[in-house]
Amino acid sequence: MEKNKTFDLTFWGVGGSCPTSKPDRKIFGVNTPCVSTCVEDEYFIFDMGSGLLNFSNSIGVVNEKKCFHIFISHYHFDHLEGLLFFGPLFNANATVHFYGHPWQNKTVLEILKDFLSPPHFPVGFEAFSAEIHFHVVNESDSFSLCDEKVKVSTMPISHPNACTAYRMNYQDKSFTYMTDIELSCYNSYNPLQAFAKDTNMLIVDAYFDHGDCKAGWGHSTWREAAQLAKESNAETLALFHYNYQYSDKDIENFINSAKKTHFKTMGAIEQQAFSLI
């Protein structure tokens with residue numbers, strides 16, 4: 001049987017810092033970061049915020065052998081909290097691969113085991129039935145998956161306690177995931193521009209309006225994101241990792257303003273799918 005050749009991205013969580021219950025945030029969504037795609041019958045998931053539960057619910061019970069690749073940008077809580085209730089981990093039909101950078105001489109395995117243990121959580125990885133593998137990604141790494149059909153590249157980016165950007169290429173299409181980055185730290189966007197060059201979708205942190213930006217917090221503005229997309233010749237810019245304090249109306253204003261710099265700008269919306277092929 002020929003495998004699925006689509007390349008669709010789905011946003012399961014698009015906010016930053018913490019989930020929000022704001023009544024004026026009904027359009028863009030309330031959960032923290034999680035983006036997924038499925039190619040060659042394998043799932044590729046970027047970050048494990050509370051949006052990971054939306055993804056888990058969408059696939060239901062795994063009744064056949066399935067493979068999940070989870071790429072962690074960094075280890076702040078808003079990017080890990082969905083791990084605690086990720087359904088496939090409790091299913092023997094699932095194989096789950098975790099990818100993440102080391103931090104202070106600790107591997108991704110050691111960091112996640114610390115996170116998923118008492119007193120933070122009553123059970124650890126020993127409670128899971130899935131086959132689990134851990135992979136350390138190094139700075140400016142590049143590797144292939146799915147019989148060489150998928151290429152994943154990494155780049156370290158500016159954020160407290162370290163952060164990794166990912167680019168995924170499949171067939172002749174790509175997307176670049178660049179959340180939690182402080183673009184104002186860069187004297188030049190040249191290295192970022194080279195990493196994201198000609199990508200079909202550039203997903204970038206847009207946590208702040210330009211008047212609210214806090215130096216050292218590790219986040220960017222919609223204006224900086226739009227300028228990076230323009231310089232990278234990205235086909236589409238998706239603003240992402242919104243400040244939990246902003247309303248739908250605020251985010252709509254940011255999108256409209258960003259379009260003046262990079263016309264094909266969208267705001268990531270929770271449970272919205274976007275086709276790259």
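Buried, here, means under 20% relative accessible area. Cys146 comes out at 11% relative accessibility, so Cys146 counts as buried. That residue sits in the loop between β7 (142–145) and β8 (150–157), and it has a positive phi of about 55° although it is not a glycine. Keep in mind that this is a predicted model.

**Overall build**

Let's step back to the whole chain. Its secondary structure comes to 5 helices and 14 strands. The radius of gyration is 18 Å, close to the 19 Å that the globule rule gives for 277 residues, so the chain is as compact as a globular protein of that length. Along the principal axes, the C-alpha trace spans about 50 × 45 × 40 Å.

Buried residues make up 56% of the 277 residues. The accessible surface comes to about 11,900 Å², and carbon and sulfur atoms account for 50% of that. As for contacts between residues at least 6 apart in sequence, 70% of them join residues at least 24 apart.

In soluble globular proteins, nonpolar side chains tend to be buried together. In this chain, the largest nonpolar core has 60 residues, and Phe11, Phe175, Leu192, Ile203 and Leu239 are the ones with the most contacts inside it. Apart from that core lies another, of 29 residues, with Cys34, Phe55, Ile70 and Ala94 among them.

Leu239 is worth a look. Not counting residues up to four places away in sequence, Leu239 touches a list of residues including Val204, Trp222, Phe254, Ile255, Ala258 and Thr265.

Start with α5 (residues 248–258), where the buried residues are Asp248, Ile251, Phe254, Ile255 and Ala258. They cover an arc of only 120° around the axis, which puts them on the same side of α5. What do they pack against? The buried residues of α5 pack against α4 (222–232), β12 (236–240) and β13 (265–267).

Helix α2 (residues 108–115) has Val108, Ile111, Leu112 and Phe115 buried. Down the axis of α2, the buried residues fall within an arc of 90°, so they line one face of the helix. Their packing partners are β5 (94–100) and β6 (131–136).

**Thr265 up close**

Thr265 has its place in strand β13, and at 6% relative accessibility it counts as buried. Leaving aside neighbours within four places in sequence, Thr265 is in contact with Leu237, Leu239, Ile255, Ala258 and Lys259. A polar atom of the Thr265 side chain lies 2.5 Å from the backbone oxygen of His262. Thr265 and Phe254 are 11 residues apart in sequence, and their C-alpha atoms are 9.9 Å apart in space.

Ser17 lies in the loop between β1 (8–13) and β2 (34–39), and at 34% relative accessibility it counts as partly exposed. Here are the two residues together:

| Residue | Phi | Relative accessibility |
|---|---|---|
| Cys146 | about 55° | 11%, buried |

There's a cis peptide bond as well, joining Pro118 and Pro119, with omega about 5°. Where is Pro119 found? Pro119 is in the loop between α2 and β6.

Conventions:
Residues are numbered from 1 along each chain as its sequence is written. This is a predicted model: local features need pLDDT of at least 70, side-chain atom pairs count only at pLDDT 80 or more; totals for chains, interfaces and linings use all residues. Side-chain values use heavy atoms; hydrogens and water are left out. A nonpolar core is a set of buried Ala, Val, Leu, Ile, Met, Phe, Trp, Tyr and Cys residues joined through side-chain atoms within 4.5 Å. Buried means under 20% relative accessible area, exposed over 50%, partly exposed in between (1.4 Å probe, protein chains only). Contact means heavy atoms within 4.5 Å. Helices (H or I, at least four residues) and strands (E, at least two) are DSSP runs, numbered from the N terminus. The arc is that of the directions from the helix axis to the C-beta atoms. The radius of gyration is taken over C-alpha atoms; the globule rule is 2.2 Å times the number of residues to the power 0.38. Accessible areas come from the Shrake-Rupley method with a 1.4 Å probe; for residues, only the protein chains shown count as cover. A polar contact is a pair of N or O atoms within 3.5 Å; within protein, one must be able to donate a hydrogen and the other to accept it, and residues adjacent in sequence count only if both atoms are side-chain atoms.
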